[in-house]
Structures are given as structure tokens and as C-alpha cells.
Amino acid sequence: MQLTTTGVTMSGMAKKILVIDDDPDFVKSTTIVLKSAGYEVLEAYSGKEGLEKSDTDNPDLYIIDLMMETYSEGANVVDALNRKEKTKNKPKIMITSVDLKGPWDSYQQNDWLACDFLVQKPVRPGDLLRYVEKALTKHQ
Amino acid sequence: MVTAKANILVVDDDEMVRLSCRRVLEEDGYSVKTAENGEVGLKCFKEIQPDLVLVDLKMPGKSGMDVLEEIEVMDPEVVKIVITGYATVSSAVEAMKRGAYDFIPKPFTPDEISLIVARGVEKRRLLLERKALKNSQEKIRRNMVSLVSHELRAPLGATVQYLEVLQAGMAGSISSDAKELIDRCVIRLRELLELIGRWISLATFDPARMAESFEAVSLIDVAKEVMALLTAMARERSVSLNLDAPKRLPSIQGSKVCLQEIFFNLIGNAIKYNKKGGWVKVTLYDEDQEVLAEIADNGVGIPEEHLPRIFDEFYRVDGRRNAPIRGSGLGLSIVKTMTGAHGGRIHVGSRVGEGTTFRVHFPKVLNPQRQN
């Protein structure tokens with residue numbers, strides 16, 4: 001399996017990714033995958049914590065779970081980030097356990113258009129890294 | 001919500017009736033608007049959206065019956081009371097057929113109009129309550145389904161991700177024996193995830209509610225979107241995917257999400273039950289009254305004796321638990337159910353070792369009786 005090495009920027013500084021998910025197992029497995037590709041990883045276990053860390057640590061990319069404290073907490077986080085000058089142009093990937101292929105009508109599709117990708121859990125390590133790479137390149 | 005100040009609309013060409021109704025009903029605490037004929041009445045109705053309407057049956061111009069009919073279409077929850085000059089049984093019955101709640105014959109006393117309107121307003125309150133209850137029950141049910149789906153998928157997803165991290169050697173090296181076992185774990189768990197998704201789709205499928213969200217859908221768009229989702233899977237298996245459609249294809253009435261589910265299951269199967277270097281062809285045809293979607297593959301095929309039963313829930317041609325290719329067993333029953341709910345029909349033809357073709361016909365125009 002090929003690993004990407006875009007974790008490191010031209011100046012040698014690792015790109016910072018903030019993972020926001022109330023499922024600690026997802027955070028852990030995702031962190032392992034991202035670190036193995038050379039990224040620096042920050043973790044948050046709620047929408048609130050995620051926004052706080054975003055302010056203090058200025059990540060380069062966000063991976064955000066949809067359902068946390070509330071059914072659409074992830075969408076609220078994306079919304080909040082998009083309303084700030086500092087973060088509205090940063091790449092954001094929404095991930096969810098929700099079955100995206102089913103007759104799903106509890107959420108409007110527009111909730112998700114505000115982020116770069118919507119990915120279904122569980123996501124394979126290679127696929128996740130590909131999404132991250134694409135999102136980072138998109139926003140350069 | 002209906003409060004003490006319910007909105008009443010009085011439609012009557014008789015000025016005395018309008019005045020006396022206004023006097024009595026405003027005294028009772030209602031907000032009253034009047035109209036002198038059917039046309040004006042309908043215009044007022046659209047503006048104020050009343051809780052209750054009093055309509056005179058005999059008016060010049062637009063008849064009371066026509067007004068009733070048009071109101072029924074605009075708002076079935078509005079309470080309609082007819083005012084009749086001649087309390088004939090037949091006109092009252094006719095009015096009831098058009099959704100009238102009650103009738104009051106002229107001339108009427110202030111008490112009579114007061115009482116009949118009070119009963120009508122109470123009826124309105126109950127209708128609105130029932131509507132609100134139904135909506136909140138629906139919301140709870142849908143949230144329940146999403147909650148259950150999420151609660152089932154989340155722990156499975158977390159487990160699969162850890163296993164795939166191990167598979168990739170990202171948590172230290174593992175022996176090839178260990179890798180083999182982990183590979184099997186991943187396969188079985190991903191199968192389970194698939195099953196949960198399809199089972200919830202099937203169990204919660206409500207044709208009536210789906211029909212409410214029907215809109216014009218282009219099957220070309222649906223096919224393209226689904227094929228994009230399946231490109232990776234096709235590539236992994238070295239199966240080619242092709243779409244052939246006329247430049248202009250009439251749209252059909254349906255639920256885009258459900259049509260995607262239909263295509264996803266059929267095209268997904270065509271890729272899965274195939275061989276390296278095989279192909280899958282999706283062809284769309286414009287056929288007079290229908291649009292035909294044909295999904296063909298040159299894969300393993302289905303033995304003739306199984307064909308009549310492949311749409312049954314959990315029916316599997318190869319029932320072995322370690323069968324080389326294994327699906328949830330629900331995909332085709334979902335396809336059949338959803339196709340039927342769109343007023344369509346599905347046929348299958350197949351030859352073992354040569355391939356399978358599914359043909360799904362969708363009517364261009366929906367005939368309410370055709371939906372089953």
C-alpha cells in the first residue's frame with residue numbers, strides 16, 4: 001500500500017490536521033494513519049473542543065464527524081469555521097457513520113456542500129490519505 | 001395554532017348575512033373577514049388562510065360548490081360550513097361530499113351561527129393537533145431509524161478501521177498468518193455493515209411517504225452518479241463500466257434517492273458477480289410511454305432454476321457462508337419493492353457462465369393505480 005508524503009511541506013514543517021470526533025477509537029485509528037504519512041495530528045472529542053483547538057492551534061485541515069453532541073454537530077462546526085475569516089478557506093472533510101447510500105432524508109444535502117468531501121465510515125487508510133491529499137492540494 | 005382568535009371567512013352575496021355573521025362572530029371573539037362572491041372569497045382565502053369558512057351555496061358567478069372544491073384542494077384541514085337557502089337533503093349531501101363539515105339553513109338565529117361555528121372551530125383545533133402529532137411522530141421515527149443505524153454502524157466502523165490499520169502494517173509488523181485472519185475479519189465485518197444498511201432500507205421503506213417526495217428525475221444523472229460511486233470497486237475487480245444513453249432522455253417521476261438505490265444495487269451486483277476483465281453495460285432507452293434501464297453484464301450468470309426467486313428477501317443462489325462472492329441477500333428485494341413503488345416493473349434474463357441482464361421499466365407519467 002502506498003503512503004503519501006505530502007505530510008511535509010516545502011519548508012519541512014509538517015501539516016497539522018485536527019480530528020474532531022466523539023468516538024475515541026475513530027480518533028485513534030485515524031491518528032495512526034495520518035501520523036504514518038507524516039502529518040501532525042491534533043485531537044478533539046466534541047464540537048466545542050474542536051472549535052477551541054482550532055482557535056489556539058490553527059490546523060491546516062479539519063476532519064469532522066457529523067453526529068456528536070447533537071445529530072448534526074459536525075455541520076454546526078463546519079458552519080462556525082466557515083463564518084470566520086481565518087478558517088473559511090481551510091480544507092474540511094466531513095465523515096460519518098450514517099449510511100449515505102440509503103434513503104436518507106433526515107439531513108439536507110446542503111449541510112454537506114460547505115465542506116470539501118463527505119466520507120463514509122469506516123474509511124480505508126489509503127482512501128483517507130487520498131482525500132486528505134486532495135483537499136490540501138485544492139486549497140493551496 | 002388555533003387560539004381564541006380563530007380566523008373566520010364568510011362568503012355570501014347577501015349583505016345582511018355578512019353583516020349579521022360579522023356582528024355575532026366578532027362578539028364571540030373571532031377575527032372575521034367577509035367576501036361578496038365566490039371569486040373574491042377564494043382570493044380572500046389565499047390571503048388570510050382562515051381556520052373556518054362559511055360558504056353560501058347559491059351565489060351568482062362562481063357557485064358555492066366550486067368554492068368548496070377549490071378550498072379543499074388548497075387546504076384540506078380548513079373547516080367548511082355551508083349556508084343553504086333551501087335545506088334540501090341532496091344539496092347538504094353534495095356539500096359533505098366536497099368536504100363540508102356541517103350546514104346551516106337560512107334564516108338562522110345568532111345563537112345558531114354561534115354554536116355551529118364554535119363546533120367547527122373545535123374540530124379545526126383537533127385537526128391541527130392531529131397533523132402536528134403525525135409530523136412529530138414521523139420525525140421521531142425517522143430520527144429513531146437514523147439513530148439505530150448509527151448506533152449499529154459506529155462500533156462496527158471503529159472495529160473495521162482498527163483492523164485495516166493493522167492490515168496496513170501501521171501498528172507494527174504482523175505475521176502473514178495473522179494478516180490472513182485479520183483479512184477475514186475485515187471481509188466479514190464489511191459484509192455486516194452492508195447488511196445493516198440494506199436491511200434498514202428495506203425495513204423502513206414507506207412507499208406512500210416516498211411518493212410525497214416525487215419529482216422529475218433524469219435517469220442519466222442517476223446512472224452517472226451511481227457509476228461514479230462504483231468506479232473504484234469496478235477498477236479493483238478489473239471490470240469495465242459503460243453507460244449508453246440518448247442525448248435527450250425524458251425524465252420520470254420518482255425519488256432520486258430511491259432510484260439511486262435501485263441502480264446502486266443492480267450495477268453493484270453486475271460488478272460483483274463478474275470476472276476479471278468482464279464488463280458491465282448500462283443502457284437507457286426512450287420507449288414511448290416508458291423509460292427502460294438495462295443493466296447487463298458478462299459475469300457468472302444465474303442458473304435458470306433460481307431466477308423466479310432471486311427477488312426474495314435473503315435468497316441466495318450460492319447459499320454457502322464461505323461463498324466466493326457474497327451479498328446481503330436483500331439488494332434485489334429492495335430493487336423490486338422500490339421499482340414497484342415507482343409504478344415500474346423489472347425483468348431478468350441470464351445464462352450461467354455468460355452473463356445477466358436486468359431490464360427495469362419506468363412509466364413516464366404516473367398513473368396512481370399503477371403504484372403498488
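Biologist: Which strands does helix 8 of chain B lie across, and at what angle does it run to strand 7 of chain B?

Modeller: Helices (H or I, at least four residues) and strands (E, at least two) are DSSP runs, numbered from the N terminus. Helix 8 (residues 219-236) of chain B lies across strand 7, strand 9 (279-287) and strand 10 of chain B, and its angle to strand 7 of chain B is about 170°. Angles run from 0 to 180 degrees between N-to-C directions of axes, which are lines fitted to C-alpha atoms, for helices over the stretch in contact. Two residues are in contact if their C-beta atoms, placed from the backbone, lie within 7 Å. The model is predicted: local features need pLDDT of at least 70, side-chain atom pairs count only at pLDDT 80 or more, and totals for chains, interfaces and linings use all residues. Residues are numbered from 1 along each chain as its sequence is written, while chains are lettered from A and ligands numbered from 1 in the order in which they are written.

Biologist: In what order do the strands of the open sheet in chain B stand?

Modeller: Strands of a sheet pair through backbone hydrogen bonds, either parallel or antiparallel. Here DSSP must find at least two bridges between two strands. This sheet of 5 strands has the order 7-9-10-12-11 in chain B, with mixed pairing. Its edges are strand 7 (240-244) and strand 11 (345-351) of chain B, each pairing on one side only. Strand 10 (residues 290-297) and strand 12 (residues 355-363) of chain B are antiparallel over 8 bridges. Within strand 12 of chain B, Thr356(B) is the bridge partner of Asp297(B).

Biologist: How do helix 9 and helix 10 of chain B cross?

Modeller: The axes of helix 9 (residues 256-272) and helix 10 (residues 331-341) of chain B come within 9 Å, at roughly 145°. Residues of helix 9 of chain B in this contact include Ile262(B) and Leu266(B), and those of helix 10 of chain B include Val335(B) and Met338(B).

Biologist: Which residues have the most contacts inside the largest nonpolar core?

Modeller: In soluble globular proteins, nonpolar side chains tend to be buried together. A core joins buried Ala, Val, Leu, Ile, Met, Phe, Trp, Tyr and Cys residues through C-beta atoms within 7 Å; buried means 20 or more other C-beta atoms within 10 Å of its own. The largest has 38 residues, and Ile17(A), Ile20(A), Tyr62(A), Ile63(A), Ile93(A) and Val132(A) have the most contacts inside it. Helix 5 of chain A gives the largest share, 6 residues. Ile63(A) touches Val19(A) and Ile95(A), among others.

Biologist: How many residues does each chain bring to the contact?

Modeller: Chain A brings 21 residues and chain B 25 residues. Helix 1 of chain A supplies 6 residues, the largest share of the side of chain A that touches chain B.

Methods: Buried ≥ 20, exposed ≤ 12 C-beta atoms within 10 Å, placed from the backbone. Lists of a residue's contacts leave out its neighbours within four places in sequence.
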